[in-house]
2 protein chains.
Amino acid sequence: MNQEIVRLPAQTGLMIIDVQRAIDDPKWTAVGPRNNLQGEANIAALLAGWRRAAYPIIHVRHDSRFPASPYRPGQPGNEFKEEVRPNPGELVVAKRTNSAFIGTDLESTLRASGIDTLVIAGVITNNSVESTVRMSGNLGFKTYLVEDACWTFARLDYAGRLRSAEEVHAMSLANMAPEYCTVLRSDQIEALPGFVRVARHAGPE
Amino acid sequence: MNQEIVRLPAQTGLMIIDVQRAIDDPKWTAVGPRNNLQGEANIAALLAGWRRAAYPIIHVRHDSRFPASPYRPGQPGNEFKEEVRPNPGELVVAKRTNSAFIGTDLESTLRASGIDTLVIAGVITNNSVESTVRMSGNLGFKTYLVEDACWTFARLDYAGRLRSAEEVHAMSLANMAPEYCTVLRSDQIEALPGFVRVARHAGPE
C-alpha cells in the first residue's frame, strides 16, 4: 500500500450515522444479506481512538417519523447499538430525515466549534450516509468516509436486477469519491493526541 | 400500464439541471457511452408543455469552479444546450457545486413563490441530479424525477467493475425512489393549463 501521513486538524470530527438497534431488523435483509460484518467493531475502534485523542465526536440518531419504521422513537430500535453508545457529554444530533444536515443544527454547531473536517461512518452506505456525505462535501467540509465502517444491504436496482450489498456499496462509494469525499479504510486512520495518521488508499487490490 | 391521473398544483416547478454544452465533452465517455439518447428531446417536450401551461420553470446552470472543467464560466461548455435554452424572463439559478440547493437561494425562492412540488430532469443522474433530488425530498418538496429526461455515463464502481450507463442510472434511481422522489417517464406527464396529468409507472417492463 502507498502510505502517506496526513495531518488532520485537532478539530476533526468523527460522525457516526444511524448505528441503532433498528439496523438489525430483519426487514433490511429481505432481498439479501448485508456486507461488512466487521462494521460495528471498526466503528468502535475509531470511537475509542477519538476518545483517547479527545477529538470531537458527533453521534447522529435517526428518529424516524414513520410509524412502521424500527427507528421510530419509543421503540427498542431507536436505541444506539451497544458498540457505539455515546458517553455522557458527547454530542448527539437527532434527525428526522436522511441527511444529518437537514432539519438539524448540525452545520451551525460544526461551524461554531471550528470543525471543518469530518470522518464519517455508519449506515446505510447508499442512503443516510451518502446523503450526508454529499451535503458535507458540497457545504465545504473536508470529508472522509471510512469504507469498512459502513455497510448496506442487497437490493433490486430500478431495472429489477438483484444487486448484492457489496455491489450497492461499491457503486455508492464510486458516486461519492473523489467528488464529495475521500474514501479510507479504518486501518488507515490512527487517532493520536494532536494528530491523526492517514495512509492513502492504493485503490482496489 | 397502470394509469392514474394525479393533479399537480399549478405551482409545480420544472427544474432542469446542468444541461449545458459541457455535457457533450468527450471526457464523460472515456469509460463508455451515455444512456438515453432521447434525453434532450424529452426535456424539450417537457419544457414546451410547461411554457404552454405557464407553469414555473427553473433552469439550473452549473458554473464550475474548476479550471479544467468544461462547465467553467467563460467557456462554450458553460452555455445551455440549444434544446433547453431559457426564454427571457425565465428563472436561471447558477450553482458552483453539485446540489442546486447549496450556495444558492433556490430554497428561499421556491418557498417565496409557493412552489412545493418539483419535476426534475437533467444531468447526470447519479451526480448533480441525485444530490439535488435527495435534498429536495429531505427538504419536504414533493419531488418527481423524469427517468427518460436524465442520463449518465458508464463508470467503474469502487471495486473496479465496469458499469454501463444503464446500470449506473438504474442503481441511482433505486437509491432515490421511492424514498426521496417518485420516478416517472416523460410520457406519463402532460402539462395542460391548470393541471398536469401523471400516469403511475407500472414498474420495470
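Quick housekeeping. This is a predicted model, so to speak of local features we ask for pLDDT of at least 70, side-chain atom pairs count only at pLDDT 80 or more, and totals for chains, interfaces and linings use all residues. Residues are numbered from 1 along each chain as its sequence is written, while chains are lettered from A and ligands numbered from 1 in the order in which they are written.

Okay, the sheet in chain B. Six strands make an open sheet in the order E3-E2-E1-E4-E5-E8, with parallel pairing. When I say strand or helix, I mean DSSP runs numbered from the N terminus, at least two residues (E) for a strand and at least four (H or I) for a helix. Two strands count as paired if DSSP finds at least two bridges between them. At the edges sit E3 (91–95) and E8 (182–184) of chain B, each pairing on one side only. On average, neighbouring strands here are turned by 25 degrees against each other, direction ignored. Axes for those angles are lines fitted to C-alpha atoms, for helices over the stretch in contact, and angles run from 0 to 180 degrees between N-to-C directions.

Now look at E1 (residues 12–17) of chain B. Four bridges join E1 to E2(B), and the two run parallel; B:Met15 has B:Ile58 as its bridge partner there. With E4 (residues 117–123) of chain B, E1(B) pairs in the parallel sense over six bridges.

Is E2(B) covered on one face or on both faces? Both: B:Ile57, B:His59 and B:Arg61 are buried on one side, and B:Ile58, B:Val60 and B:His62 are buried on the other. Buried means 20 or more other C-beta atoms within 10 Å of the residue's own; 12 or fewer is exposed, in between is partly exposed, and the C-beta atoms are placed from the backbone. As a reminder, in a regular strand the side chains alternate between the two faces of the sheet.

Over in chain A, there's an open sheet with the order E3-E2-E1-E4-E5-E8, again six strands with parallel pairing. Helix H1 (residues 39–53) of chain A lies across E1, E2 (57–62), E4 and E5 (142–151) of chain A, at about 140 degrees to E5(A).

How do the two chains relate? Chain B can be laid on chain A with an RMSD of 0.0 Å, by a turn of 180 degrees and a shift of 0.0 Å along the axis. That is a two-fold axis relation. The superposition is least squares on C-alpha atoms of residues with pLDDT of at least 70 in both copies. The same surface serves both copies, with 96% of chain B's contact residues recurring in chain A.

The contact itself takes 23 residues from chain B and 23 residues from chain A, where contact means C-beta atoms, placed from the backbone, within 7 Å. On the chain B side, H3 (125–138), E6 (155–156) and H4 (165–176) each give two or more residues, and H4(B) gives the most, with five.

Last bit, H4(B). Of its 12 residues, 11 are buried, among them B:His169 and B:Met171. The 12 residues of H4(B) should span 16 Å at 1.5 Å a residue, and the end C-alpha atoms are 17 Å apart, which agrees. That expected span is 1.5 Å times one less than the number of residues.

Conventions. Contact = placed C-beta atoms within 7 Å.
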